[in-house]
Each structure stands twice: as C-alpha cells, then as structure tokens.
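I open this notebook to record what I looked up in one model, entry by entry.

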Amino acid sequence: PLRMTPMDSLPPHREEGQVRLDCDRSFVFFPTKLDNPSLKLLQNQLYDLIVTVMRRNPELSYYQGFHDVAQIFLLVFGPTEALPIFEYVALYFLRDFMMPEMEASLPVIKAVDPEFALLFPDYAIFNIAIAAMLTLFSHDLRVYTDICILFDFVFAYRNMAIPPYIFAAILLLNKDKFSP
C-alpha cells in the first residue's frame with residue numbers, strides 16, 4: 001500500500017533542485033496554446049507530484065526524463081488522482097529503468113535481423129535506447145494522444161519488457177537510415 005503522507009511533513013529529497021530545473025522546462029509540446037500563468041501552474045503541479053513521490057520514497061533516485069513520464073500522468077489524471085497512480089508506476093515499473101539493463105533491445109534485433117545488429121556495438125544500443133526507455137518514449141513523441149496510447153499499451157500488459165521490443169521495432173522499421 002502507498003503511504004499517504006503530506007509532502008510538507010517529509011524531509012526534502014536530495015534531488016529536488018534537478019526536479020525543479022526539469023519541471024521548469026516541461027510542457028513544451030502539449031498542451032498547446034497555454035498562457036504563462038497556466039503553464040506555471042502545470043509546472044508547479046508537476047514539481048509537487050514528483051517531489052511528493054520522491055520524498056515519500058527517498059530510496060528512489062531521480063533521473064533525467066522522469067518528469068516526461070510524470071507530466072503525462074498529471075495531464076491524464078489531474079494533480080490529485082495522478083499521485084497514487086504515478087507513485088505506483090514509479091515504484092513498480094520505473095525502478096527497473098534505473099538499473100544498467102537497457103541492452104535488452106540488442107538481442108531482439110539480433111534475433112530478427114542479425115546483419116543489421118552488426119551495425120551496432122553493444123554499447124551503441126544502450127546509448128541510443130536509454131533516453132527513449134527511461135521516458136517510455138514520452139520525450140521522443142510529440143503527439144499527446146500517441147503517448148497516451150503507448151502508455152495504455154505498456155501499462156495494460158504490466159510488463160516493462162515491452163519497451164525494448166518497441167524500441168527494437170522502431171530501429172528495424174528505420175534500418176534503411178542506418179545501413180551504409
């Protein structure tokens with residue numbers, strides 16, 4: 001069960017400064033046509049959402065892109081409903097992305113197209129994939145409804161092994177851009 005402790009009653013998390021910087025750069029592509037006060041309100045709500053999750057779970061480490069995932073939950077559910085859902089996702093889905101296991105796409109590519117896989121040293125897939133995986137593609141996709149559909153797909157299956165397959169499929173669909 002999730003702890004329901006008010007954010008202000010907990011000690012600050014060591015990474016709140018970075019959270020603030022990232023939140024102040026959020027909501028660039030959607031929602032569109034926000035006036036400045038509305039944008040600032042959303043950025044502050046996003047900050048509160050992330051910091052509350054981090055303070056309630058100080059063992060978590062913030063990573064660049066965590067705010068990209070959080071903003072989707074904030075937009076879909078609103079600030080009150082997003083908190084327990086996003087906290088659950090952070091604890092039971094996103095924690096695995098803080099581990100050095102992002103090379104999962106390379107075996108998929110090797111199995112489907114061994115010649116194409118030879119173009120990528122093992123570390124290259126890691127470097128290319130990490131941002132997309134950490135943000136569940138929310139930093140790379142620019143259409144809000146596309147991101148929501150992808151999130152629905154990933155979370156409906158409750159299996160974080162799906163993003164490496166999605167990433168592998170994207171690479172394979174675009175292999176002509178990589179081939180010499």
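**Entry 1: Leu-172**

I looked up Leu-172 and found it buried, with a relative accessible area of 18%. Buried means under 20% relative accessible area, exposed means over 50%, and partly exposed lies in between, with a 1.4 Å probe and protein chains only. Leu-172 belongs to helix 8 (residues 162–173).

**Entry 2: Basis of the values**

I note that this is a predicted model, in which local features need pLDDT of at least 70 and side-chain atom pairs count only at pLDDT 80 or more, while totals for chains, interfaces and linings use all residues. Residues are numbered from 1 along each chain as its sequence is written, and side-chain values use heavy atoms, with hydrogens and water left out.

**Entry 3: Overall make-up**

I looked up the secondary structure and found eight helices and zero strands. Helices (H or I, at least four residues) and strands (E, at least two) are DSSP runs, numbered from the N terminus. The order of elements from the N terminus is α-α-α-α-α-α-α-α. Of the 180 residues in the protein, 44% are buried.

**Entry 4: The largest pocket**

I next asked which residues lie nearest the centre of the largest pocket. They are Arg-25, His-67, Asp-68, His-139 and Arg-142, out of 19 lining residues. Helix 3 (66–92) and helix 6 (122–134) are the elements that give two or more residues to this lining. The largest share, three residues, comes from helix 3.

The volume of the largest pocket is about 290 Å³. On a 1 Å grid over the protein atoms alone, a pocket is an open set of points where a 1.4 Å probe fits, with protein on both sides within 12 Å along at least five of seven lines; lining residues have an atom within 4 Å of a point. Grid points are joined across faces, edges and corners, and a volume is the space filled by probe spheres set on the points.

By class, I recorded seven nonpolar, eight polar and four charged residues in the lining. Here Ala, Val, Leu, Ile, Met, Phe, Trp, Tyr, Cys and Pro count as nonpolar, Asp, Glu, Lys and Arg as charged, and the others, Gly among them, as polar.

**Entry 5: Aromatic pairs**

How many aromatic pairs does the rule give? The count comes to twelve. Rings of Phe, Tyr and Trp (its six-membered ring) pair if their centres lie within 6.5 Å; planes under 30 degrees apart count as stacked, over 60 as edge-to-face and the rest as tilted.

Phe-73 and Phe-86 form a tilted pair, at 5.6 Å centre to centre and 50° between the planes. Both Phe-73 and Phe-86 are buried. Phe-73 also pairs with Phe-155: the ring centres are 5.7 Å apart and the planes stand at 65°, so this pair is edge-to-face. The pair joins distant parts of the chain, with Phe-73 in helix 3 and Phe-155 in helix 7 (residues 144–157), 82 residues apart. Phe-155 is buried, as is Phe-73.

Ring pairs link a cluster whose members include Tyr-62, Phe-77, Tyr-92 and Phe-151.

I also looked for a charge over a ring: Arg-20 lies over the face of Tyr-47, at 3.9 Å from the ring centre. The rule asks for NZ of Lys or CZ of Arg within 6 Å of the ring centre and within 35 degrees of the ring normal.

**Entry 6: Cysteines**

I found zero disulfides, a disulfide being a pair of cysteine sulfur atoms within 2.5 Å. Cys-23 counts as buried at 0% relative accessibility, and Cys-148 counts as buried at 17%.

**Entry 7: Backbone**

Most residues other than glycine have a negative phi, and most peptide bonds are trans.

Lys-33, in the loop between helix 1 and helix 2, has a positive phi near 55°. At 83% relative accessibility, Lys-33 counts as exposed. Phe-137 has a positive phi of about 70° although it is not a glycine. Phe-137 lies in the loop between helix 6 and helix 7 and is buried, with a relative accessible area of 5%.
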